[in-house]
Amino acid sequence: MENAPRTTVIVGVDGSPQSIAALRYAAPLSKALGHELQAFASWLPRIALEDYTPEWNPEADARAALDTAITEAFGDDVPDHLEREVVMGPAAPTLIEASKDAAMLIIGTRGRGGFKGLLLGSVSSSLAAHSHCPVLIHHGEQ
C-alpha cells in the first residue's frame with residue numbers, strides 16, 4: 001500500500017540518555033500530530049563465550065532494556081498511544097526499514113557507542129542520510 005497514510009512516530013531507543021530524552025520529547029509531539037508513538041529497539045546476538053549460558057535470551061534482554069528506558073522517560077505516566085517494537089538486527093538498517101511506514105523518525109544525537117566527543121553518532125548520521133521519512137535529531141535536555 002504505497003499511498004497508505006503514515007501515522008506512526010518512531011523513536012529509536014538504546015537506553016542512552018539521548019534516546020530517553022528523544023522519547024520524552026516525542027510523546028507530546030506525536031500526540032499533537034494525532035500519531036501513534038512507537039519506542040523501537042533492536043538487538044544483535046552477541047556471544048562472549050565466558051558469559052554464555054543456555055538460558056540467555058538477547059531478545060528478552062532488549063525488551064527489558066526498552067521497558068527500563070520507557071520507565072526512565074515517563075515513570076508511571078506512560079502515554080496511552082505508546083507501542084513497543086523490538087527487532088533483531090543492527091540499529092541503522094532496522095530503523096531505515098521501519099522508516100518506510102513512519103510519519104517521522106526521532107532519535108538522539110548519539111547512542112551508547114562511539115566517541116563521546118562526537119556531536120552526531122554513526123546511527124544518527126546514517127538515518128539522516130537514508131531514512132524514508134522526515135528525521136528529527138533531538139539534542140537532548142540541556
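What share of the contacts in the chain with a separation of 6 or more comes from residues 24 or more positions apart? In this predicted model, such residues account for 75% of those contacts. One example is the pair G140 and Q18, which are 122 residues apart along the chain, yet their C-alpha atoms are separated by 5.4 Å. G140 belongs to the segment after β5, and with a relative accessibility of 19% it counts as buried. Over the chain of 142 residues, buried residues make up 39%.

Four helices and five strands form the secondary structure of the chain, and along the sequence they follow the pattern β-α-β-α-β-α-β-α-β. The five strands come together in an open sheet with parallel pairing, in the order β3-β2-β1-β4-β5. At the edges stand β3 (82-88) and β5 (135-138), each of which pairs on one side only. Neighbouring strands of this sheet are turned by 25° against each other on average, with direction ignored.

The pairings can be traced strand by strand. Strand β1 (residues 8-12) runs parallel to β2 (residues 36-43), and five bridges join the two. Within this pairing, V11 has A39 of β2 as its bridge partner. β1 also pairs with β4 in the parallel sense, here over three bridges, and V9 stands opposite M104 in β4. From β4, four bridges lead on to β5, again with the strands running parallel; G108 has H138 of β5 as its bridge partner.

Five of its five residues are buried, so β4 is largely enclosed by the rest of the structure. The cover extends to both faces: M104, I106 and G108 are buried on one side, and L105 and I107 are buried on the other.

Among the helices that accompany the sheet is α3 (residues 91-98), which packs on it and touches β1, β2, β3 and β4 (104-108). The direction of α3 makes about 150° with that of β2. T94 lies in this helix and is buried, with a relative accessible area of 13%. Its surroundings include F40, S42, V87, M88 and G89, all of which T94 touches when residues up to four places away in sequence are not counted. The side chain of T94 also reaches the backbone oxygen of P90, at 2.8 Å.

P58, A62, L66, A69, I70, A73 and F74 are the buried residues of α2. These residues lie on the same side of α2 because they cover an arc of only 130° around the axis. T68 and E72, on the other side of α2, are exposed. The partners against which the buried residues pack are α1 (17-33), β2 and β3.

Both ends of α2 have features of interest. N57 caps the N-terminal end, where a side-chain oxygen lies 3.1 Å from the backbone nitrogen of E59. After the helix comes G75, whose phi is positive, near 65°.

The loop between α2 and β3 holds H81. This histidine is buried, with a relative accessible area of 10%. Leaving aside neighbours within four places in sequence, H81 is in contact with A27, S30, K31, H35, E36 and L37. Two of these contacts can be described at the level of polar atoms. The side chains of H81 and S30 are joined by a polar contact of 2.8 Å, and the side chain of H81 also reaches the backbone oxygen of A27 at 3.4 Å.

Terms used. Residues are numbered from 1 along each chain as its sequence is written. This is a predicted model: local features need pLDDT of at least 70, side-chain atom pairs count only at pLDDT 80 or more; totals for chains, interfaces and linings use all residues. Side-chain values use heavy atoms; hydrogens and water are left out. Two strands pair if DSSP finds at least two bridges between them. Axes are lines fitted to C-alpha atoms, for helices over the stretch in contact, and angles run from 0 to 180 degrees between N-to-C directions. Contact means heavy atoms within 4.5 Å. Buried means under 20% relative accessible area, exposed over 50%, partly exposed in between (1.4 Å probe, protein chains only). The arc is that of the directions from the helix axis to the C-beta atoms. A polar contact is a pair of N or O atoms within 3.5 Å; within protein, one must be able to donate a hydrogen and the other to accept it, and residues adjacent in sequence count only if both atoms are side-chain atoms.
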